Amino acid sequence: MGTYHRLSARVRALPITIKLLGTILSLAIIPLLVVAYFSERTSRDILLDAKREDLHTHAVGVIASIDNTMEIRRTEASTMAKGPMISAYADDPGNAKNAQAALGAFQTLMNAQPSIKAIFLVDAATGAVTLSTSSNRGRNMGSRAFIKAAAAGESSISEPSRDDGINFIYYTSPVRDRGGRLSQVMVLGIAADELWNIIRTETGRLGDGSLTVMTDDAGVRIGHSTTSGLEFKSWVPLDAATAGALIAEQRYGADVTEITATDYGEVATRVMSSSPPPNIIEHQLAVSDETYESGVARSNLMPWTIIESVPHSTFMAPVERLRLLTIFIIGAAVAAISLLVLLVSRIAMLPVRQLINSVQQMSNGDMTSPVPEIPDKELGMLANGFDVLRRQVSRSYDELRRGYIDLARALVASLEARDPYTAGHTERVGQYALAVSRKLGLGEDDMDMIRRAAELHDIGKACVPDAVLLKPDRLTPGEFAEIMRHPGKSSEIVHHLEFLRDVVPLIEGHHERYDGGGYPKGLSGPDIPLGARILAVADAYDAMTSKRAYRDALSHEKAIDILVEGAGSQWDATIVRAFIEMLEDRETAA
């Protein structure tokens, strides 16, 4: 309840314009924010669904492009296998003339298509390479799955294979001699980059940090958008039997001797499932700590799966732009409404502000400025009433001020009667302080404050007992503590005089030290008002050069030495220099 009352009081204390603005903005902005929030959430969900659908569509398009390329190559291998020169060679593989003709045709095709890296024939019965454009002639490839399939009468496409340091995709087709007997296997060796380039090119369109990985049915990575080499790393740990079987059948090439495994956890399991989801939402990959969104697609020709992964920061960029646009629109609406409210309120509140300004002038002591005429009927009557009140208060204020001044003078006169030193000291301190103020180039208002502070800076001594104030001997610590209270007493007395309140900090601080060791508050440096620092130097100098009941006056030179020694610690060094220069100017003028 206490918190509610405090908050309510603070709200009531706000300017009318602010309360009006807050009310209108609350009525206008809260519904706008609610609508904007739900609109943004709905738009975000729609955009996310569209982005995820686009990602899946893109993955399907990539695998379709790969399938189309492979189908073209497989058709090309099949067409070559049915050519008359190949059939003639199949009739009589030992005929050098037939072999030379076939090799010539192979070389011509390779020259026309640089992506074709090797063309060779394999004996369907033994698996040995019988005719080749590369150095693999005589090698037995009968354990390869794609050779076995072609030897059984089916055209086939291999997994990516590395042979003799080159990465291949092999396209095979059965070769029949002119008698119709399946004699040879036609093999078209295409650089695997032909497929990987499709992956890399399409991945680049997905945005920064995106990557694509292609795996086979064993979970082995056989293509990657960030590398042109084969790593043969499995997405899931392979048991020894599976890895051994893949190596034994030379599935990935004659020079592949080891298959390593990297566990990608849930993502790999979902991708390798019989029915993988079209998208995998907000998952992790080992390549970075960032979250990814992925689209998944399966090849129609091969047991291959691709996963296209986009960093969440890239994937969500359009959504983030939508959010920023929503924030901008809301901000612009708030700004426009606020500007309109402020404009209307300033026009509507102008008469009220005029009255408030008049009241503030009165509260600041300006009773001479009349309240302006206001054309509004109700506010005009209120303004006329304020003006009548102003004139009455002005008269009362003048009378009260004169009474306060007379009272202050009476207190000073009472103090002078008790301690003649105080009267002369007060006058001299005032003269010194005004002279230093002129030396420092202070304005008339500041000098007037310092003059009034000088007149009243020791008025608190009226509260000090005579036994202490007029004691001819050195004061005891207790008596000195009584004297130390006089700045606070002076400020208490003057504080009650409203038109003198601006001099209270000067009176209260004239015994503060620049290094913070003074009293009554222990202020230091610039925290001590400038006028108080000026009074402190003037007061100290006059006290040192005046004869007291308990000591003789110090010489001018000795007092100056003490001031110089205390500059920067007890007193402000700048004011000490100005004070000394002021005294020197007086001596020169005399």
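Before the first stop, a word on helix packing: axes here are lines fitted to C-alpha atoms, for helices over the stretch in contact, and angles run from 0 to 180 degrees between N-to-C directions. Helices (H or I, at least four residues) and strands (E, at least two) are DSSP runs, numbered from the N terminus. You're looking at a predicted model, where local features need pLDDT of at least 70, side-chain atom pairs count only at pLDDT 80 or more, and totals for chains, interfaces and linings use all residues. Residues are numbered from 1 along each chain as its sequence is written, and side-chain values use heavy atoms, with hydrogens and water left out.

**The whole chain**

Start zoomed out. The chain has 20 helices and 13 strands. Of its 590 residues, 43% count as buried (under 20% relative accessible area; exposed is over 50%, partly exposed in between, with a 1.4 Å probe and protein chains only).

**A helix pair: H13 and H18**

Select 444-456, which is helix H13, and 530-544, which is helix H18. Their axes lie 10 Å apart and the packing angle is about 50°. H13 and H18 are therefore oblique to each other (under 35 degrees counts as roughly parallel, over 145 as roughly antiparallel, 65 to 115 as roughly perpendicular, and the rest as oblique). Now show side chains: Ile450, Ala453 and Ala454 of H13 make the contact (heavy atoms within 4.5 Å) with Gly531, Ile534 and Leu535 of H18.

**Another pair: H19 and H20**

Next, pick helix H19 (residues 556-566) and helix H20 (residues 573-589). Here the axes come within 10 Å and cross at roughly 155°, so H19 and H20 are roughly antiparallel. Which residues of H19 meet H20? They are His556, Ile560, Leu563 and Val564, and their partners in H20 are Val576, Phe579, Ile580, Leu583 and Glu587.

**The largest core**

Move on to the largest nonpolar core, with 47 residues. A core is a set of buried Ala, Val, Leu, Ile, Met, Phe, Trp, Tyr and Cys residues joined through side-chain atoms within 4.5 Å. Select Ile66, Phe106, Ile119, Tyr171, Val220 and Tyr252, which touch the most other members. Helix H2 (16-81) supplies at least two residues of this core, as do strand E1 (116-123) and helix H7 (240-248), among others. H2 gives the largest share, 8 residues.

Zoom in on isoleucine 119: leaving out residues up to four places away in sequence, its neighbours include Met80, Phe106, Leu109, Leu131 and Met186. There is also a second, separate core of 40 residues, and Val436, Ile450, Ile459 and Met544 are among them.

**Alanine 99**

Alanine 99 sits in helix H4. Is it buried or exposed? Alanine 99 counts as buried, at 13% relative accessibility. Beyond residues up to four places away in sequence, alanine 99 touches Tyr89 and Leu131.

Most residues other than glycine have a negative phi, and most peptide bonds are trans. Select tyrosine 519 and proline 520: the peptide bond between them is cis, with omega near 15°. Proline 520 lies in the loop between helix H17 (504-508) and H18.

Then jump to aspartate 164, in the loop between strand E4 (161-163) and E5. Aspartate 164 has a positive phi, near 55°, and is partly exposed at 47% relative accessibility. Last stop: glutamine 250, in the loop between H7 and strand E10 (260-261), where phi is also positive, about 50°.
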